[in-house]
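Colleague: I am new to this one, and I would like a close look at a single part of it. Could you pick a spot, tell me about it, and then show me what surrounds it in the rest of the model?

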Amino acid sequence: MLEESESKEPAMNPFQKNESKETLFSPVSTEEVPPRPLSLPKKPSPKICGSNYPLGIAFIVVNEFCERFSYYGMKAVLTLYFLYFLHWSEDTSTSIYHAFSSLCYFTPILGAAIADSWLGKFKTIIYLSLVYVLGHVVKSLGALPIIGGQMVHTVLSLVGLSLIALGTGGIKPCVAAFGGDQFEEKHAEERTRYFSVFYLSINAGSLISTFITPMLRGDVQCFGEDCYALAFGVPGLLMVIALVVFTMGSKLYRKPPPEGNIVTQVAKCIWFAISNRFNNRSGDIPKRQHWLDWAAEKYPKQLIMDVKALTRVLFLYIPLPMFWALLDQQGSRWTLQATRMNGNLGFFVLQPDQMQVLNPLLVLIFIPLFDLVIYRLVSKCGINFSSLRKMAVGMILASLAFAVAAAVEIKINRMIPPQPGPQEIFLQTLNLADDDVKVTVLGDENNTLLEESIRSFQKMPHYAQLHLKTKRQDFHFYLKYHNLSVYTKHSMEEKNWYSLIILEDGKNISSMMVKDEENKTTNGMTAVRFVNTLHKEVNISLGKDTFLIVGEDYGVSAYTTVQSGEYPVVHCRTEDKDFSLNMGLLDPGTVYLFVIINSTNQNPQAWKMEDIPANKLSIAWQLPQYALVTAGEVMFSVTGLEFSYSQAPSSMKSVLQAAWLLTVAVGNIIVLVVAQFSGLVQWAEFILFSCLLLVVCLIFSIMGYYYVPIKPEDLQEPADKKIPHTQGNVINLETKKTKL
């Protein structure tokens with residue numbers, strides 16, 4: 001998780017080495033500010049231990065650490081919350097996740113406008129942090145099973161996420177720039193080091209929270225299930241701490257007043273140029289060298305020249321959203337993929353949503369690795385590794401990451417039991433008698449199709465595949481039990497799974513055929529069903545909104561999906577007795593059968609077996625795709641903003657950052673659209689994104705090939721150049737042509 005920030009001071013280098021894909025910007029104004037009345041010099045702010053660092057920045061850094069912990073900690077468990085708690089589909093969970101992410105990158109525009117045009121940075125941070133905290137409270141309440149039903153939880157969750165998006169996005173452009181405002185002009189070096197510490201706090205907050213909150217969700221039980229309320233509540237508490245810490249330093253801060261919003265000025269300048277050109281489209285009016293020259297009647301020449309330079313860079317931003325569309329799926333599609341994998345690493349059991357911790361961890365490793373080793377080696381080989389080429393390579397790496405993700409997805413699907421085809425069935429036999437039973441399956445002409453000897457309270461090691469001559473066929477079964485031989489007949493239909501259950505009735509045995517459900521598990525969850533050998537109906541409670549009624553005398557329940565984890569106490573009751581069953585540890589993706597039997601003691605017990613074993617593919621297979629996409633992020637994100645800043649005037653930095661954030665927002669919207677309307681299986685969707693990014697990379701490379709970089713001295717207007725004289729609606733502007 002890369003984050004970038006910058007100060008309004010032109011002397012400062014905005015490109016720190018531990019940057020991030022999130023951009024914190026502080027719009028500045030090009031409008032002339034009227035002279036302010038002279039005032040007495042202010043008392044210098046207190047310093048940290050006699051250094052040149054203002055004491056107030058300590059509060060700002062701690063505030064940023066807590067806020068990033070709050071945001072990334074909440075977001076880490078969000079997809080599984082949608083999937084398992086709200087019981088949304090994978091596509092809906094993915095869509096809402098990316099809609100929320102997109103909103104988080106749209107709202108910084110609003111936050112910057114409020115701070116620079118109305119309230120100032122300090123008040124904006126305070127007020128929107130209160131909105132942020134309120135969003136966490138509402139979101140945590142929506143994760144409490146005891147509050148309302150499904151509709152209440154959904155409404156509270158969406159309202160809470162909307163408030164969080166407004167809060168986190170609104171303060172994003174303010175906090176880093178507000179910290180830069182605390183330094184005096186003569187302390188530029190200290191300010192640069194401050195930003196390094198600021199970025200460290202960002203990555204530390206995201207790294208720690210992405211590891212801890214999934215543990216709070218999966219390892220702590222609330223109301224008999226995963227504790228999402230705690231996983232959301234702890235980040236909410238950190239946001240409260242962030243607000244309190246920031247407020248405590250109020251008397252130590254320098255609080256510059258609002259100075260106007262350059263983003264608004266640029267938008268007005270572009271709009272006026274377009275409308276003025278449209279109003280003067282007559283052939284009698286001389287053409288101008290650039291379409292932005294039509295704004296000269298209202299806006300100063302320097303602003304117009306700056307906007308021209310800006311539009312050249314913004315043109316290169318058009319392909320960028322596709323990269324973010326792939327990068328931000330680490331918290332959605334890749335997390336869902338991890339739910340279908342085995343998280344047991346031997347020394348530690350990794351939760352599916354904990355895999356996201358690899359991104360900030362690898363960012364901290366890759367940034368110095370690329371800067372100090374890889375880029376230098378490439379340079380020594382005589383290769384001109386320009387900024388645009390680095391961005392293109394970053395796109396290729398992200399595309400390869402999704403190709404690897406598709407390969408992993410195909411491997412997962414191959415380990416799932418195959419589905420029966422036309423004129424095929426899958427059959428297993430379960431022996432509930434007190435001794436061995438030999439089972440022979442006979443065809444229409446009494447030819448032996450299957451012969452198995454099954455021990456007491458055991459089942460066949462796997463499903464057997466039987467072929468039918470028609471869509472529905474009668475099969476004859478010969479059961480040998482002690483000296484007793486039993487013939488029985490059952491009818492089965494193609495493309496289905498069946499379980500033959502052998503029952504004991506005194507000294508006799510009988511059998512019943514149970515049709516199993518297809519696709520017993522989804523989303524890596526665990527599926528369970530029960531066989532009740534008692535003479536009374538049993539009611540079973542498996543958690544919130546999950547209740548089963550299993551009929552007496554070998555009644556069989558339907559398959560029910562539950563979350564994996566420990567189930568030491570499952571409450572059950574009959575018409576005259578309450579008791580509990582110990583179901584033990586349920587592994588993700590496994591299908592279990594529990595047989596409720598009378599035991600020698602007072603209470604019944606559950607005999608446990610696996611119908612379908614868990615997926616054995618280790619979650620560690622996701623490591624290559626995380627490494628590739630993070631390497632692509634380091635090459636794309638850091639280099640992209642650095643190149644942008646070098647190609648546009650310093651007055652346009654905040655506009656560039658705003659546009660950069662918007663590319664992230666649009667990228668998340670792309671994922672939302674594809675998830676809702678593509679209808680592809682998961683591996684095919686990964687291939688689609690990989691191919692789309694390759695096509696976009698080709699387009700970007702062509703655009704970059706014809707792009708002529710601007711020199712820094714060309715961004716400033718020469719001192720001896722005069723503003724041309726205007727006559728009526730015609731203006732003669734001299735502009736430097738560039739090849740695009």
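Modeller: Let's start with Asp553, which is partly exposed at a relative accessible area of 43%; buried would mean under 20%, exposed over 50%, and partly exposed lies in between, with a 1.4 Å probe and protein chains only. This is a predicted model, where local features need pLDDT of at least 70, side-chain atom pairs count only at pLDDT 80 or more, and totals for chains, interfaces and linings use all residues. Residues are numbered from 1 along each chain as its sequence is written, and side-chain values use heavy atoms, with hydrogens and water left out.

Asp553 sits in the loop that runs between β16 (547-550) and β17 (555-556). Strands here are DSSP runs of E with at least two residues, helices are runs of H or I with at least four, and both are numbered from the N terminus. Patch members have over 30% relative accessible area and no salt bridge; like charges are joined within 9 Å, and nonpolar side chains (Val, Leu, Ile, Met, Phe, Trp, Tyr) within 5 Å.

In one of them, Arg333 meets Asp91, with the closest N and O atoms 2.8 Å apart. This pair ties together distant parts of the chain, as Arg333 belongs to helix α11 (residues 333-339) and Asp91 to helix α3 (residues 90-119), 242 residues apart. Arg333 is buried, with a relative accessible area of 1%, whereas Asp91 is partly exposed at 34%. Another bridge joins Arg217 to Asp226, again at 2.8 Å from N to O. Arg217 counts as buried at 2% relative accessibility, and Asp226 is buried too, at 8%. Glu67 and Arg68 bridge at 2.7 Å, N to O, and both are buried. There is also a network of salt bridges linking Glu90, Arg340 and Glu409.

Helix α3 comes up again in a patch of another kind. Leu103, Phe106, Leu662, Val666, Ile669, Val673 and Phe677 form a nonpolar patch on the surface, with about 570 Å² of accessible area together, a value from the Shrake-Rupley method with a 1.4 Å probe, where for residues only the protein chains shown count as cover. α3 and α15 (653-677) each supply at least two of its residues, and α15 gives the largest share, five residues. Phe106 lies in α3 and is partly exposed, at 34%.

Stepping back to the whole, the protein chain has 16 helices and 26 strands. Of its 740 residues, 54% are buried. The chain exposes about 32900 Å², 60% of it supplied by carbon and sulfur atoms. Contact means heavy atoms within 4.5 Å; among contacts between residues at least 6 apart in sequence, 73% join residues at least 24 apart.

Terms used: A salt bridge is a side-chain nitrogen of Lys or Arg within 4 Å of a carboxyl oxygen of Asp or Glu.
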